Amino acid sequence: MEKCDTIDSSHVADEENLLYKLYLSMIEKGWTNTNKEVQSIESYISERGLYFSVIYGIIKEGTINRISVHCDSRAISVEISTFVDLVFRQDIVDQLRKANVSRIILHLQPEILYMPVMEKFNKVTDHGYNSGERYQLYFLPKNLSFRLIPGLPVGYSFGSISDSQVEFVAGIWCQDIGADQSLSKIKEDYVKLNIKRPHVALYYEREKLPVGWMMIYSDGQMGQLHVVQNHRGKGLARIIIRKLTQLVKDSHSIWPTVSIDVSNDISIKLFQSEGWTRVPRPYKVIACKK
């Protein structure tokens, strides 16, 4: 297996490699900051002419927090084994072991990559992460991707989140996930990057702070959906979801995806009522520090 030029997202099959295709499209269209959020993209070609590729995502220099892998569905075990060894070569293993991050996100499509990658990951990280299925991945089927966006209730308007509002949004994020406020500064780093991408925020009359929002992560997944307590029950969350879904679909021509905590029944029911479908296999694994 030899290194080759980076593959183009248009050459990646939608159904088999949805997560990788969207991540690569984000990078190609400049929605992901390659200086601050991507360490490298590496592609390989086997002797049989099949392509394999990996994206190493980072939150800060030298700290890997996302690994997205892709391979041709026709790959055989010896090719997959060789590729996985390249993905987790020694310098990458050293970074993973030194990384001071609470979780590492793994994109594992197609299905033939799941077990080989997880076995290798658990081995090289000395079982420092719990890779249980804490999150469920949902996608929006193509026939539902262009749903009508309802009009906003009186007094509400669309806007964006400014740098001066990052601390407020990060604090709410910590509350939503039950995290200690000491992690707020870390979440601020994510929010600062996420608001540089297209996102949706709602404002009410003359209130200076947003009352609802949703953003897109560096890998193209939608997340951080929130509506302030006293503005709930008005259908705002549905409007935000549909608005952001439209932005992703129009720009990338790819099914939007979202990961939801298995204990978040309210969000699960909301997305299911909007037609989102759960991916039965954990193609996206969020490995958390034990």
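## Reading burial, cores and backbone angles

Gln-224 lies in strand β11. This is a predicted model.

User: Let's start there. Is Gln-224 buried or exposed?

Analyst: Buried means under 20% relative accessible area. Gln-224 has 11% relative accessibility, so it counts as buried. Its backbone deserves a look too: Gln-224 is not a glycine, yet its phi is positive, about 60°.

User: Which residue other than glycine has a positive phi near 45°?

Analyst: That is Glu-205. You will find Glu-205 in the loop between β9 (200–204) and β10. Exposed means over 50% relative accessible area. Glu-205 is exposed because its relative accessible area is 56%.

User: And where should I look for a cis peptide bond?

Analyst: Check omega. Between Gln-109 and Pro-110 omega is about -5°, and the peptide bond there is cis. Pro-110 sits in the loop that runs between β5 (103–108) and α4 (114–124).

User: What is in contact with His-70?

Analyst: Gln-109 is one of the contacts of His-70, once neighbours within four places in sequence are set aside. The list also includes Tyr-20, Tyr-51, Phe-52, Phe-83 and Leu-113. His-70 belongs to strand β4 (residues 63–71), and with a relative accessible area of 6% His-70 is buried.

User: How do I read a nonpolar core?

Analyst: The general idea is that in soluble globular proteins, nonpolar side chains tend to be buried together. In this model the largest nonpolar core has 48 residues, and Ile-67, Val-69 and Phe-88 have the most contacts inside it. A second, separate core has 32 residues, among them Leu-19, Met-26, Ile-216 and Tyr-283.

User: What does Phe-88 touch?

Analyst: Leaving out residues up to four places away in sequence, Phe-88 touches Ile-67, Val-93, Leu-96, Val-117, Lys-120, Phe-121 and Val-124.

User: Now a helix. Which residues of α8 are buried?

Analyst: In helix α8 (residues 265–273) they are Ser-267, Ile-268, Leu-270 and Phe-271. Because they cover an arc of only 165° around the axis, these residues lie on the same side of α8. Ile-266 and Lys-269 are exposed on the other side of α8.

User: What covers the buried residues of α8?

Analyst: The cover includes the strands β7 (135–139), β10 (212–216), β11 (222–227) and β12 (257–261), along with helix α7 (236–252).

User: Which residue with a positive phi follows α8?

Analyst: Gly-275 follows α8, and its phi is near 95°.

Technical notes
Residues numbered from 1 in each chain as written. Predicted model: local features only at pLDDT ≥ 70, side-chain atom pairs only at ≥ 80, totals over all residues. Heavy atoms only, no water. Helix = DSSP H or I, 4+ residues; strand = E, 2+ residues; numbered from the N terminus. Buried < 20%, exposed > 50% of the residue type's maximum accessible area, 1.4 Å probe, protein only. Contact = heavy atoms within 4.5 Å. Core = buried A, V, L, I, M, F, W, Y, C linked by side-chain atoms within 4.5 Å. Arc of directions from axis to C-beta.
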